[in-house]
Amino acid sequence: MQRVKRVLMCRPTYFDVEYIINPHMKPHAVDQALAMQQWEGLVAALESQGVKVEIIEQKPDVPDMVFATDQGIVEGGTVLMANFRYPERKPETRYYRAWFREHGFEPRELTKIFNFEGGDALFVGKMLIVGTGFRANVASCEELADNLGIDVVPVRLVDPLFYHLDTCFLPLDADTAFYYPPAFSENSQGLLKKLIPNLHEMSRTEAEGFSANSLVSGDTVILQAGNPTFRKKLEKLGRKVIEVEVGEFNKSGGGIHCLINTLEKT
């Protein structure tokens with residue numbers, strides 16, 4: 001199993017909910033001091049696992065800049081940058097592009113015709129699964145395949161509450177994953193069953209509790225606190241679980257995985 005070696009996170013200095021672009025968002029409901037405390041707790045959990053945490057500083061005009069995984073896909077020394085659907089998030093890209101360049105990565109762009117966000121892209125082994133329907137356009141998958149030189153499989157999301165793939169799908173390794181079936185079209189449910197030998201269901205309560213929005217590193221899963229039934233499911237599969245509370249970020253529709261962009265694995 002691959003372990004996460006290095007990640008990028010954005011310090012939530014100005015984090016708040018200032019607009020609504022998904023059903024979770026609660027304007028101006030964030031306790032900013034608590035959000036910073038929770039973010040620091042997540043950093044500590046990562047560092048306890050030997051993960052090096054790189055930090056980009058948040059700018060005041062981009063409240064969702066804290067969700068680092070959405071910025072794009074890092075593969076080796078290149079980064080395929082996101083093309084955000086909503087104009088509120090597009091300004092984030094220039095700050096991340098500059099950080100990547102300054103730290104030795106080569107940012108690459110899609111054509112800007114089709115939307116794509118990193119929260120909709122999850123690897124299962126060497127195959128990239130992309131959630132389409134809300135933020136990523138299905139036509140972006142061909143561009144992703146061409147740019148990354150890998151197999152890309154689109155699946156269609158149908159429940160607005162699960163607007164990104166990482167809110168309803170959690171790969172544990174090349175053969176094992178959890179998913180919340182009603183978040184996907186019937187055809188996409190069938191496709192996932194064919195592609196993934198050990199595909200397990202999560203309940204509505206577990207999905208709404210951001211269980212899928214976890215970070216997997218080797219046999220360890222960093223999980224949103226308050227999901228006891230999902231923790232038991234993970235432990236039954238032999239996974240070690242570290243619980244971290246990031247509830248303030250849930251108010252914007254994000255969780256643990258959203259806050260972390262993986263730069264390097266071993």
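What percentage of the 266 residues of the protein chain count as buried? The share is 57%. The model is predicted. Its protein chain contains 7 helices and 15 strands.

**Overall dimensions**
- The radius of gyration of the protein chain is 17 Å, which agrees with the value near 18 Å that a compact globule of 266 residues would have.

**Contacts and surface**
- Among contacts in the protein chain with a separation of 6 or more, 67% come from residues 24 or more positions apart.

**Charge**
- The side chains of the protein chain include 29 positive and 36 negative ones.
- Between the centres of these two sets the distance is 3 Å.

**Leu122**
- Strand β6, which covers residues 121–124, contains Leu122.
- Leu122 has a relative accessible area of 8%, and because the cut-off for buried is under 20%, Leu122 counts as buried.
- Leaving aside residues up to four places away in sequence, Leu122 touches Met127, Leu128, Ile129, Leu165, Asp166, Phe169, Pro171 and His257.
- Ile73 lies 49 residues from Leu122 in sequence, and their C-alpha atoms are 9.2 Å apart in space.

Notes. Residues numbered from 1 in each chain as written. Predicted model: local features only at pLDDT ≥ 70, side-chain atom pairs only at ≥ 80, totals over all residues. Heavy atoms only, no water. Helix = DSSP H or I, 4+ residues; strand = E, 2+ residues; numbered from the N terminus. Rg over C-alpha atoms; globule rule 2.2 N^0.38 Å. Buried < 20%, exposed > 50% of the residue type's maximum accessible area, 1.4 Å probe, protein only. Contact = heavy atoms within 4.5 Å. Lys, Arg positive; Asp, Glu negative; His and termini not counted. Charge placed at Lys NZ, Arg CZ, Asp CG, Glu CD.
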